[in-house]
Amino acid sequence: NRAIKKEYVAIVHGTLLGKGTVELDVGGKYARTEYHAVYSAWSPSINSETTRVHLTPHTGRSHQLRQHMKALGHPIVGDKTYCPIDIQQRNSNKHGMYLWASSVQLIHPDVEAAHADHRFPLSS
């Protein structure tokens, strides 16, 4: 069991449907991410169809979520490293990367009942 569990929300380019798991090495190491597409809509400010996705990494590789979304063909809005340049040029996003931590759970390794769970709600 991992001592820290994290959940994220991202806005990705395109229409991503359903839920699933991505298992793809990141930096030469095994990495696994579960995703669940919540809804898709046209975004005038991004000039693109977008999808809100809930992401749960099961490994903690650097840039894991960003690389896994790119591998699905749905890069995260505002990701200047992993989003293809042609997609970046088509949108007018000036607000940075659309990826947020939505929940962090810390489990104390020695005390079974000791844990902290904090959720970060997004405004509508």
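Me: Which residues does Cys83 touch, not counting residues up to four places away in sequence?

Reply: Contacts of this kind show which parts of a chain come together in the fold. In this predicted model, Cys83 touches His13, Pro75, Ile76 and Gln88 once residues up to four places away in sequence are set aside. Cys83 itself sits in the loop between H1 and helix H2 (85-90), and its C-alpha lies 9.4 Å from that of Gly73, a residue 10 places away in sequence.

Me: Is Cys83 buried or exposed?

Reply: Cys83 has a relative accessible area of 4%, and because buried means under 20%, it counts as buried.

Me: What does Tyr82 touch, leaving out residues up to four places away in sequence, and where is Tyr82 found?

Reply: Tyr82 is likewise found in the loop between H1 and H2, and at 16% relative accessibility it counts as buried. The C-alpha atoms of Tyr82 and Ala71 are separated by 9.5 Å, although the two residues are 11 apart along the chain.

Me: What is the phi of His63, and how should I read it?

Reply: The general idea is that most residues other than glycine have a negative phi. His63 has a positive phi of about 70 degrees although it is not a glycine. This residue is placed in the loop between S4 and H1, and its relative accessibility of 33% makes it partly exposed.

Me: Which polar contact joins the side chain of Thr59 to another side chain, and where is Thr59 found?

Reply: Thr59 is found in the loop between S4 and H1, and its side chain is joined to the side chain of Gln64 by a polar contact of 2.9 Å. The side chain of Thr59 also reaches the backbone nitrogen of Arg32, at 3.0 Å. With a relative accessible area of 14%, Thr59 is buried.

Me: Which residues make up the largest nonpolar core?

Reply: The general idea is that, in soluble globular proteins, nonpolar side chains tend to be buried together. Here the largest nonpolar core has 12 residues, namely Tyr8, Ala10, Val12, Leu16, Val22, Tyr35, Ala37, Val53, Leu55, Leu65, Met69 and Ile76. At least two residues of this core come from each of strand S1 (4-13), strand S3 (32-43), strand S4 (48-57) and helix H1 (64-71), and the largest share, 3 residues, comes from S1.

Me: What is Val53 in contact with, leaving aside its neighbours within four places in sequence?

Reply: Val53, one of the core residues, is in contact with Tyr8, Val9, Ala10, Val12, Leu16, Tyr35, His36 and Ala37, its neighbours within four places in sequence being left aside.

Me: How many residues line the largest pocket, and which of them lie nearest its centre?

Reply: A pocket can be read through its space and then through the residues around it. The largest pocket holds about 200 Å³ of space and is lined by 13 residues, of which Tyr8, Pro57, Arg61, Gln64 and Leu65 lie nearest its centre. S1 and H1 are the elements that give two or more residues to this lining, and H1 gives the most, with 3 residues. By class, the lining has 4 nonpolar, 5 polar and 4 charged residues. Tyr8 and Leu65, named here by the pocket centre, are also among the residues of the largest nonpolar core.

Conventions
Residues are numbered from 1 along each chain as its sequence is written. This is a predicted model: local features need pLDDT of at least 70, side-chain atom pairs count only at pLDDT 80 or more; totals for chains, interfaces and linings use all residues. Side-chain values use heavy atoms; hydrogens and water are left out. A nonpolar core is a set of buried Ala, Val, Leu, Ile, Met, Phe, Trp, Tyr and Cys residues joined through side-chain atoms within 4.5 Å. Buried means under 20% relative accessible area, exposed over 50%, partly exposed in between (1.4 Å probe, protein chains only). Contact means heavy atoms within 4.5 Å. On a 1 Å grid over the protein atoms alone, a cavity is a set of points where a 1.4 Å probe fits but cannot get out, and a pocket is an open set with protein on both sides within 12 Å along at least five of seven lines; lining residues have an atom within 4 Å of a point. Grid points are joined across faces, edges and corners, and a volume is the space filled by probe spheres set on the points. Ala, Val, Leu, Ile, Met, Phe, Trp, Tyr, Cys and Pro count as nonpolar, Asp, Glu, Lys and Arg as charged, and the others, Gly among them, as polar. A polar contact is a pair of N or O atoms within 3.5 Å; within protein, one must be able to donate a hydrogen and the other to accept it, and residues adjacent in sequence count only if both atoms are side-chain atoms.
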